[in-house]
Amino acid sequence: MSHAKHRSGRVALVGRPNVGKSSLLNCLVGEPIAIVSRSPQTTRDVVRGILTREHVQYVFVDTPGLHRARNRLGQWMNQVAREEAREADAIALVVEPTAHPADLALAAELPRVPAVLVINKIDRLKDKAALLPVLAAFAEAHPFVATVPISATHADGTDRLLDELGALLPQQPFLFEEGTLSDQPVRLFAAEFVREQILAHTKHEVPHGVAVAVERFDESTEVPHIEIAIHVAREAYKKILIGAGGTMMKRIGSAARVRIERMLGRKVHLKLWVRATTDWMNDPAKLRDLGYGRDGSRAS
């Protein structure tokens with residue numbers, strides 16, 4: 001097979017928290033691999049999703065939302081997002097349909113990588129004329145190759161977005177076999193699916209001081225055995241997560257198991273337990289133990 005017309009490469013999805021980067025990734029690859037929550041800074045680890053479309057293969061990199069860091073974890077997340085942007089073949093800066101000063105600042109600071117401005121949640125905008133000053137503000141902040149209004153929740157405008165991004169990728173053979181959804185291990189997604197359910201079930205009771213670590217992932221048996229430790233920053237959060245008679249933990253585990261089984265395509269045995277790891281978000285040693293490395297890479 002000739003690869004002369006093939007294009008492939010990494011597309012970094014960057015932007016502030018809650019602008020819809022993870023929803024966009026899920027929409028583009030057609031599977032809910034990135035966890036989604038209304039809570040800010042939901043995306044903590046880099047999540048890669050792969051889409052192969054005719055002669056173009058996109059390796060989408062969902063990055064943590066760039067924000068004003070309040071702890072060492074936040075600093076690490078910002079570092080990861082910026083490094084992924086620098087190393088990408090193309091950037092999609094995802095914003096909402098407003099000229100938010102923080103978005104404009106991000107646009108001005110983008111590295112010298114071809115970038116497309118993605119205006120998400122366009123379905124919420126009643127007066128499309130209101131976009132004109134927004135477009136002008138972003139055009140002044142950065143020389144974007146293109147601007148594409150979309151709605152990730154309705155998959156509106158995504159075909160044009162793929163066309164614009166595909167044209168920016170280098171001509172080279174596909175990086176992965178066709179049909180590959182992600183090059184990351186299932187154990188990473190298992191941990192993320194547990195954290196997603198913690199956010200969904202506890203909402204504001206347990207803030208983002210939660211880390212999830214896979215301690216056992218054994219697929220050698222007919223029913224894979226997965227053991228996951230949930231680390232919380234305070235002892236009080238431990239009681240909330242466990243719930244009366246363990247009811248909260250059972251609900252979290254049951255919902256997470258469904259997500260993991262869907263990805264694996266078979267039943268799994270999932271065991272969860274909670275540990276109080278005080279102020280882990282600011283302790284360099286504890287951050288490294290939990291996989292948040294100083295070099296901006298997450299152990300997987």
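Hi everyone. Residues are numbered from 1 along each chain as its sequence is written, and side-chain values use heavy atoms, with hydrogens and water left out. As the model is predicted, local features need pLDDT of at least 70 and side-chain atom pairs count only at pLDDT 80 or more, while totals for chains, interfaces and linings use all residues.

Let's start with the rings. A pair of aromatic rings is described by the distance of the centres and the angle of the planes. Here, rings of Phe, Tyr and Trp (its six-membered ring) pair if their centres lie within 6.5 Å; planes under 30 degrees apart count as stacked, over 60 as edge-to-face and the rest as tilted. How many aromatic pairs does the structure hold? There are 4 aromatic pairs. One of them joins Tyr-58 and Phe-60, a stacked pair with 5.4 Å centre to centre and 5 degrees between the planes. Tyr-58 and Phe-60 are both buried (buried means under 20% relative accessible area, exposed over 50%, partly exposed in between, with a 1.4 Å probe and protein chains only).

Now find Phe-189 and Phe-193, a tilted pair with 6.3 Å between centres and 40 degrees between planes. Both lie in helix α6, residues 186-202, and 4 residues, about one turn of the helix, separate them. (Helices, H or I with at least four residues, and strands, E with at least two, are DSSP runs numbered from the N terminus.) Phe-189 is buried at 2% relative accessible area, and Phe-193 is buried at 2% as well. Over the ring of Phe-193 sits the charged end of Arg-259, 4.0 Å from the ring centre; for this, NZ of Lys or CZ of Arg must be within 6 Å of the ring centre and within 35 degrees of the ring normal.

On to charges. Side chains of opposite charge can pair when their charged atoms come close. A salt bridge here is a side-chain nitrogen of Lys or Arg within 4 Å of a carboxyl oxygen of Asp or Glu, and the count comes to 16. Among them is Glu-84 with Arg-10, whose closest N and O atoms are 2.5 Å apart. Glu-84 lies in helix α2 (residues 72-87) and Arg-10 in strand β1 (residues 7-14), so this pair ties together parts 74 residues apart in sequence. Buried or partly exposed: which is Glu-84? Glu-84 is buried, at 12%, whereas Arg-10 is partly exposed, at 23%.

Finally, look for Arg-53, Asp-159 and Asp-163, which are linked in a network of salt bridges.
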